[in-house]
Amino acid sequence: MDIKGTIIETLGIETLELSAHKVVCTMPVNEKTKQPFGLLHGGASVVLAETVASIGAWASIDQENEVAMGMEINANHLRSVGQGIVTAVGTPLHKGRSSAVWDIKITDEQDRLICVSRCTVAIAKKRKD
């Protein structure tokens, strides 16, 4: 998986663990991920959550012939954070032939829950054109 030039690289998201059963990624809370009031932007949290779900689904598919694409995501932002590193842990709730549903929890460095998210990922055949 090449992240060069993607939003993953831009936001500084790092993958610590990647399997079909669990994904752990971190993201810094800095000038690239904060909103103008100095707090982690909710959109950055959603990007982190969808990254976790998408690469987790990707780890579960036939990568030669299939592609995983985010289809729907929701997020509840429970606590603000102004600095440090946030960690997202994702686990699959459902893995089917044409979709997967992932549960993602984002915590701060004190292990306080920042955001909870659920993401549906579509699984489709790669186009041959």
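A polar contact is a pair of N or O atoms within 3.5 Å, where, within protein, one atom must be able to donate a hydrogen and the other to accept it. In this predicted model, such a contact links the side chain of aspartate 103 to the side chain of lysine 105, at 2.7 Å.

**Aspartate 103**
- Aspartate 103 belongs to strand β5, which covers residues 99–107.
- With a relative accessible area of 17%, aspartate 103 counts as buried, because the term applies under 20%.
- When its neighbours within four places in sequence are left aside, aspartate 103 is in contact with Val89, Gly90, Thr91, Leu93 and Ser117.

**The sheet**
- Strands of a sheet pair through backbone hydrogen bonds, either parallel or antiparallel.
- Here six strands make up an open sheet, in the order β1-β2-β4-β5-β6-β3, and their pairing is antiparallel.
- At the edges of this sheet lie β1 (14–18) and β3 (66–77), each of which pairs on one side only.
- From one strand to the next, the twist averages 25 degrees.

**Strands β2 and β4**
- Strand β2 (residues 23–29) and strand β4 (residues 84–95) run antiparallel and are joined by seven bridges.
- Valine 29 has glycine 84, in β4, as its bridge partner.

**Helix α2 on the sheet**
- Helix α2, formed by residues 42–58, packs on the sheet and touches β1, β2, β3, β4, β5 and β6 (113–125), while its direction makes about 145 degrees with that of β3.

Terms used: Residues numbered from 1 in each chain as written. Predicted model: local features only at pLDDT ≥ 70, side-chain atom pairs only at ≥ 80, totals over all residues. Heavy atoms only, no water. Helix = DSSP H or I, 4+ residues; strand = E, 2+ residues; numbered from the N terminus. Buried < 20%, exposed > 50% of the residue type's maximum accessible area, 1.4 Å probe, protein only. Contact = heavy atoms within 4.5 Å. Pairing = 2+ DSSP bridges. Axes fitted to C-alpha atoms, helices over the stretch in contact; angles between N-to-C directions.
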